[in-house]
Amino acid sequence: QMLLAHAGSTIKPFKGYGWRSMQQPHTLLRWLHMVDPDTEDSNDAKKAILEASHSVQHLIILTLGPPTNVAKALEQDPTLASRIDHIYMMGGELTQRRLCLNFASDRASARALVDANIPTTLITVQLSAQVVIDYTFTDSVKEKFCSTKKDGRIAATCALLPKMYQQVTAMPTLVNQAVRILLPPSSRWTPSPNL
């Protein structure tokens, strides 16, 4: 919410379903949940999706995490499918070795959306691994956008820097090694050199 306000956006973020409503597929996630429990689930995102489907002419949805909120909205109103032009889901895996984290975290929701009669594009692990954000990129964002003010404002991207640094620190250990296995040198997918 702070990032959107900083960018001057009038878009309001809505709280949705968290880890409590999902299957936590990895031991590390279950441990993190015990150490830092998720907040209570909310129907706000589901309601916002349903309201948007009635108020805009062309609804396009992008899910960056588990698709729980969209699936819950579709469960409440099956006619929602006819009002969605397209869904782009960050999830899926092409080698059939194991599910990606987004789909493994809420298999039922992922299945519900894949099975729905909605045009869908999956942004798979292999596609995501072709562009990896690293310290060099994050440092360049900081230098380019956060060191000087333009019109008295610093770019909204700067609000994301702590999260970006957290990601580039954790991902090589927690995720990248497993993803690298899914992209063998002889495969048709070319991983980022930073993977």
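Ala45, Lys46, Ile49 and Leu50 in helix α3 meet Asn69, Val70, Lys72, Ala73 and Gln76 in helix α4, a contact being heavy atoms within 4.5 Å. The residues of this contact divide into 5 nonpolar, 2 polar and 2 charged; Ala, Val, Leu, Ile, Met, Phe, Trp, Tyr, Cys and Pro count as nonpolar, Asp, Glu, Lys and Arg as charged, and the others, Gly among them, as polar.

The model is predicted: local features need pLDDT of at least 70 and side-chain atom pairs count only at pLDDT 80 or more, whereas totals for chains, interfaces and linings use all residues. Residues are numbered from 1 along each chain as its sequence is written, and side-chain values use heavy atoms, with hydrogens and water left out.

Two packed helices are described by the angle between their axes and the distance between the axes. For α3 (residues 44–55) and α4 (residues 68–76), the axes come within 8 Å and cross at roughly 60°. These axes are lines fitted to C-alpha atoms over the stretch in contact, with angles running from 0 to 180 degrees between N-to-C directions.

The chain as a whole contains 9 helices and 3 strands, defined as DSSP runs (helices H or I, at least four residues; strands E, at least two) numbered from the N terminus. Along the sequence they follow the pattern α-α-α-β-α-β-α-α-β-α-α-α.

Of the 195 residues in the chain, 34% are buried, that is, under 20% relative accessible area with a 1.4 Å probe and protein chains only. In α4 the buried residues are Thr68, Asn69, Val70, Ala71, Ala73 and Leu74, and they pack against α3, β1, β2 and α6.

The largest nonpolar core has 20 residues, of which Ile61, Leu80, Ile84, Ile87 and Leu113 touch the most other members. Such a core is a set of buried Ala, Val, Leu, Ile, Met, Phe, Trp, Tyr and Cys residues joined through side-chain atoms within 4.5 Å. At least two residues each are supplied by α3, β1 (59–63), α4, β2 (84–90) and α6 (107–115), and α4 gives the largest share, 4 residues. Apart from this core lies another, of 5 residues, including Val141, Cys146, Leu161 and Met164.

The mean pLDDT, the predictor's confidence in each residue from 0 to 100, is 77 for the chain, and 65% of its residues reach 70 or more. Confidence is highest in α4, at a mean of 95, and lowest in α1 (residues 2–6), at 51. Where pLDDT is low, the predicted coordinates should not be read in detail.

How values were computed. Buried < 20%, exposed > 50% of the residue type's maximum accessible area, 1.4 Å probe, protein only.
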